[in-house]
Amino acid sequence: MQVQESSKRLPDRAFDVVIAGAGTAGVVAAVAAARQGATVALIEAKGYPGGLVVEGGTALHSFYNLWKAFPGVAKRQVVKGIPQEIVDRLTERDATSGHAEMLKGYNYDSVCTAVDTELYKLVAFEMLDAAGVNVMVNTLLTGAVTDGSRIEGVVVESRSGRETLAGKAFVDCTGYGDLAARAGADFTEPNDYAVANSIGVGGVSLEKYHEFLDAHDAVTEYSEGRRSGRDGRIVRLHGRVSLLPAAFADGARAIGMATVTTTVHDDYFMFIKLNYKMPVSPTDRDAAAAAELELRRRQAKAVELFRRHVPGCEGAFIARTSPSLCIRRGRCITCDYDITLDDVLTARHFDDDVMAYGFHDSAPRFQVAGGGTYGVPYRALLVAGLDNLLAAGMLITTDHDAHMSTRNTVCCMGQGQAAGTAAALCAAANSTTRDLPYPRLRKTLEADGVVLEN
Ligand SMILES: Cc1cc2nc3c(=O)[nH]c(=O)nc-3n(C[C@H](O)[C@H](O)[C@H](O)COP(=O)(O)OP(=O)(O)OC[C@H]3O[C@@H](n4cnc5c(N)ncnc54)[C@H](O)[C@@H]3O)c2cc1C
């Protein structure tokens, strides 16, 4: 069967800034852009903002430097600005553990900020609304309209039909790099991580799970913070699977289950991670469909494992799943600069830094030198070959080991603030992303609470 689509004029609307993806980076980008006075369209395929913050790890890592791993280094908060404001709003709703120090794990150097997955969606939505962002949820970005190296607009589909949204500056925060790819940017698909569909598990006891791990001397990560309205309670736990009874450990390994969880509620594991390594990139629809099914089978088996083997979890049940599989990387978009592992480990800063970050997910194997920070340069957010497209989130950074730092939630949020601010400034000045004067961007970011350490 061959179908020829009839050409017709699509309804169109015009904005200063168009941002694709209302996830970890996109929410922050849109708030930042709108607060600069830009008219902003934020396109999100799901019915709510939040992205992987509410579907992946459900904890934000890490607002701080790695002070504990380096004697004499002071504890300092290196990511503030809008990401911190989100935590403040969550705190007002008693919807976060707060910045809970890792008392065990990550070589004692990380802060885990667990967030209530449902209230995060609401808080993000309200912040976008208050900033005046046109939030287009249940809307899929399907195409880009380009003129040479410039994007003129994007094509979106919703139940209102197909529309075009014209813009002056664009930001790709889709994780998958859908906008950049549709606009003709260069990319790779490394397929270097497992995909996941993590679940919230109800009917469990954090304290009993801790006792179970402790009885086998298996606790590898532990932190205390605010939970169900009370401070000083367990909010993160992780156990070494190899030390646990074989019946549980073998079952966990077979389904790619990690024994880590975070929570902000009693009797609730806010996330239990089920991993699955796809044979091809998660952009392959049919392979992704097979992964969706396999992950749901694994979810059911995971709950069964807890019921059978972990005291206090006899009544475990699945309380939350992600509407679709969660990726750690889809497309890797080619940008003007590619952050390297050496940049991260040597605490390198650049003359166009837009944020500082100090955490690496593989600590203590990889740590930023001296407990310091590295800089994310503006040029790392500029999509190569396009004049008015920025990228923020997991879709930048080729090197897997460098990506294990830049893909972390709080780094993605910081990139979002930088990209959204830059897009708004470009739109106001009718300039390309590369012509935007860096001092102007830096001054604006600093005025909005961004910490720059160079
Ligand atoms: C299972 C798992 C556990 C993790 N655990 C942690 C952790 O504990 N700590 C940590 O710091 N990091 C963790 N990470 C990594 C981190 O969560 C992500 O790297 C980061 O959140 C990515 O942010 P993002 O903005 O790039 O993407 P996302 O947050 O995924 O946002 C992308 C958004 O774009 C939307 N979208 C995509 N395509 C389109 C389209 N075509 N049209 C419209 N909308 C679209 C999506 O629906 C989504 O809302 C984890 C990741 C996974 C998968």
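## Exercises on a sheet and a helix pair

Three bridges connect strand E14 (residues 199-202) with E20, and the two run antiparallel. Strands are DSSP runs of E with at least two residues, and helices are runs of H or I with at least four, numbered from the N terminus. This is a predicted model, in which local features need pLDDT of at least 70, side-chain atom pairs count only at pLDDT 80 or more, and totals for chains, interfaces and linings use all residues. Residues are numbered from 1 along each chain as its sequence is written, and side-chain values use heavy atoms, without hydrogens and water.

**Exercise 1.** Describe how helix H1 (residues 24-35) packs with helix H3 (residues 81-92).

Step 1. The angle between H1 and H3 is about 105°, and their axes lie 10 Å apart. Axes are lines fitted to C-alpha atoms, for helices over the stretch in contact, and angles run from 0 to 180 degrees between N-to-C directions.

Step 2. H1 and H3 are therefore roughly perpendicular, a term for angles of 65 to 115 degrees.

Step 3. H1 contributes Val 28, Val 31, Ala 32 and Arg 35 to the contact, and H3 contributes Ile 82, Pro 83, Glu 85, Ile 86 and Arg 89.

Conventions. Pairing = 2+ DSSP bridges. Parallel < 35°, antiparallel > 145°, perpendicular 65-115°, else oblique. Contact = heavy atoms within 4.5 Å.
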